[in-house]
Amino acid sequence: MQKASIPQTLADFQKEFSQVKAPENAVTFNPPTPETIAIGEGKAIPLITICPPRINTGDFFDVLKQVAGVIKKYKPELVPEVAQIEAALPEGTAERDLFVSQVFNPEANLLDDLGQDLPSETFGFLINHAAKPFMIQYGQEVGKLYDLEQWLKGECPVCGGRPTMALLERDTGKRLLYCGVCEIKWRFQRLGCPYCGSSESQFFTVEGMEKYRIYFCDQCHGYIKTIDGERTSAAMDLFWEDINTVQLDILAMREGYLNQQVDQP
Ligand SMILES: [Zn+2]
Ligand SMILES: [Zn+2]
């Protein structure tokens, strides 16, 4: 297949997001007992369910404001929607605390809680990007509780999300999956689809980008961009690998496969 071009503004936009950081020690959680950890690993319960993150409300709203600023700068067409959302956010201390705890509760429906008719795609984009720096910090700490070599599931052991990318390890050829939300990696079986569990494995490569494979599944029509570790020597930042290979997403979608992790307004 032929290369497609990368939208430069997307890279700039993502670069600014990646510079929005949570303050140090912004995330805490109640450490679970070894028994709870064993049950969680055995039943494949993501850590966010057994020891949810606690986030300082003021820190979260500071980050949210920065993220809103980045969106307004790069997507001027969204300024009215972002302003509408900001105006609808809770004001009182107790309401804000509750709101922040709901952001990190996978079961919550924040839009329903706000009780207003807000533009849902932009709302989701804003909240997900504001939560991300906290999820990264949370993942770094909480991820140590599970044996990530033994997880072997198609969902992230920290947040329960779907993987964004995969990496075939140099020498061993073992496969790691990567979560674009909390940025952790875990072991998965070498072949088969992480999205639907089908055992089939087919991939294509793109001329000039031979270090990547795009594995696709004809059962669920998912695809996953995969770095072939044999063809690269440098340590990789999968966040940037994901952004810098958006042309592979475009090609896969053109072939009729679905992005399992859509998160763009
Ligand atoms: Zn995750
Ligand atoms: Zn599948």
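Me: What covers the buried residues of H10, and how should I read "buried" here?

Reply: The cover of the buried residues of H10 includes S7 and S8, where a residue is buried if 20 or more other C-beta atoms, placed from the backbone, lie within 10 Å of its own. This is a predicted model, in which local features need pLDDT of at least 70, side-chain atom pairs count only at pLDDT 80 or more, and totals for chains, interfaces and linings use all residues. Residues are numbered from 1 along each chain as its sequence is written, while chains are lettered from A and ligands numbered from 1 in the order in which they are written.

Me: Which residues of H10 are buried, and why do they line one face of the helix?

Reply: Leu248, Leu251 and Ala252 are the buried residues of H10. Viewed down the axis of H10, they fall within an arc of 100°, so they line one face; the arc is taken over the directions from the helix axis to the C-beta atoms. After H10 comes Gly256, whose phi is positive, near 95°.

Me: In what order do the strands of the open sheet run?

Reply: The six strands have the order S5-S4-S3-S8-S7-S6, with mixed pairing, and two strands pair if DSSP finds at least two bridges between them. The edge strands, S5 (185-188) and S6 (202-204), each pair on one side only. S6 and S7 (residues 212-216) run antiparallel and are joined by three bridges, with Phe204 opposite Ile214 in S7.

Me: Where does H10 pack on this sheet?

Reply: H10 (residues 246-254) touches S7 and S8 (223-228), contact being C-beta atoms, placed from the backbone, within 7 Å. The direction of H10 makes about 30° with that of S7.

Technical notes
Helices (H or I, at least four residues) and strands (E, at least two) are DSSP runs, numbered from the N terminus. Two residues are in contact if their C-beta atoms, placed from the backbone, lie within 7 Å. Axes are lines fitted to C-alpha atoms, for helices over the stretch in contact, and angles run from 0 to 180 degrees between N-to-C directions. A residue is buried if 20 or more other C-beta atoms lie within 10 Å of its own, exposed if 12 or fewer, and partly exposed in between; C-beta atoms are placed from the backbone.
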